[in-house]
Amino acid sequence: MTLLFPCFLSHLLTLLLVFQFGYNANRWPQFEGGSWAGNSITFKSKNLGKYIVQKDTVNPVITFKYKLKEVLYFQISDGQSGIGSFKATLNGAWILMNFDHKRRLIWTELKDKNQLLKGDFVLEVKDKAGNINKYTNKY
């Protein structure tokens with residue numbers, strides 16, 4: 001599906017990073033995606049209905065919950081487009097993170113269970129619109 005906008009608006013809309021949302025059964029906006037080309041936005045959807053064009057400039061939220069000697073727990077959320085990806089590093093090395101979507105909870109899982117979480121920890125969360133939030137701490 002492609003939406004076409006008047007030429008005089010196209011430069012303004014692309015600068016504002018506008019993204020397309022569609023209404024779900026609960027009447028809440030639901031992220032559908034979309035990409036700009038000139039003065040039109042193209043997106044794929046399996047649903048018919050009303051659509052709005054809206055921008056998402058709000059970063060995802062990262063909330064530190066608690067720390068055990070080998071595990072860190074965080075809650076992550078994004079109220080508009082949703083969580084797209086997340087990445088964690090300890091002293092620059094990648095760390096596996098588990099994700100419980102229902103509780104919006106993520107936690108670290110180290111390869112070596114006897115290894116302690118010591119050093120510079122960075123958690124980067126990116127939403128589907130490209131907004132990024134970083135949590136950094138030294139443990």
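A nonpolar core, for my notes, is a set of buried Ala, Val, Leu, Ile, Met, Phe, Trp, Tyr and Cys residues joined through side-chain atoms within 4.5 Å. Buried means under 20% relative accessible area (1.4 Å probe, protein chains only).

Before going on, I note that this is a predicted model, where local features need pLDDT of at least 70, side-chain atom pairs count only at pLDDT 80 or more, and totals for chains, interfaces and linings use all residues. Residues are numbered from 1 along each chain as its sequence is written, and side-chain values use heavy atoms, with hydrogens and water left out.

**Overview.** I looked up the elements and found 1 helix and 13 strands; these are DSSP runs numbered from the N terminus, H or I of at least four residues for helices and E of at least two for strands. Of the 139 residues, 32% are buried.

**Core.** The largest nonpolar core holds 15 residues, and Ile62, Phe74, Ile95, Phe121 and Leu123 have the most contacts inside it. I then checked where the core comes from: β8 (72-77), β9 (83-90), β10 (93-100) and β12 (120-127) each give two or more residues.

**Phe74.** I listed its contacts (heavy atoms within 4.5 Å). Leaving out neighbours within four places in sequence, Phe74 touches residues including Ile62, Phe64, Met97, Leu105, Phe121, Leu123 and Tyr135. Phe74 also belongs to an aromatic cluster with Phe64, Phe121, Tyr135 and Tyr139. I count rings of Phe, Tyr and Trp (its six-membered ring) as a pair if their centres lie within 6.5 Å; that rule gives 9 aromatic pairs.

**Sheet.** Next I traced an open, antiparallel sheet of 7 strands, in the order β7-β8-β11-β10-β9-β12-β13. β7 (61-67) and β13 (132-138) are at the edges with a single partner strand each, so one side of each has no neighbour in the sheet. Neighbouring strands are turned by 25° against each other on average, direction ignored, with axes taken as lines fitted to C-alpha atoms.

**Around β9.** Strands pair if DSSP finds at least two bridges between them. β9 pairs with β12 in the antiparallel sense over 7 bridges. Ile83 has Asp127 of β12 as its bridge partner, and Lys87 stands opposite Glu124 in that strand. With β10, β9 makes 3 antiparallel bridges, and Thr89 stands opposite Trp94 there. The two strands form a hairpin with 2 residues between them, and Asn91 in the turn has a positive phi of about 55°.

Key: Buried means under 20% relative accessible area, exposed over 50%, partly exposed in between (1.4 Å probe, protein chains only). Rings of Phe, Tyr and Trp (its six-membered ring) pair if their centres lie within 6.5 Å; planes under 30 degrees apart count as stacked, over 60 as edge-to-face and the rest as tilted. Axes are lines fitted to C-alpha atoms, for helices over the stretch in contact, and angles run from 0 to 180 degrees between N-to-C directions.
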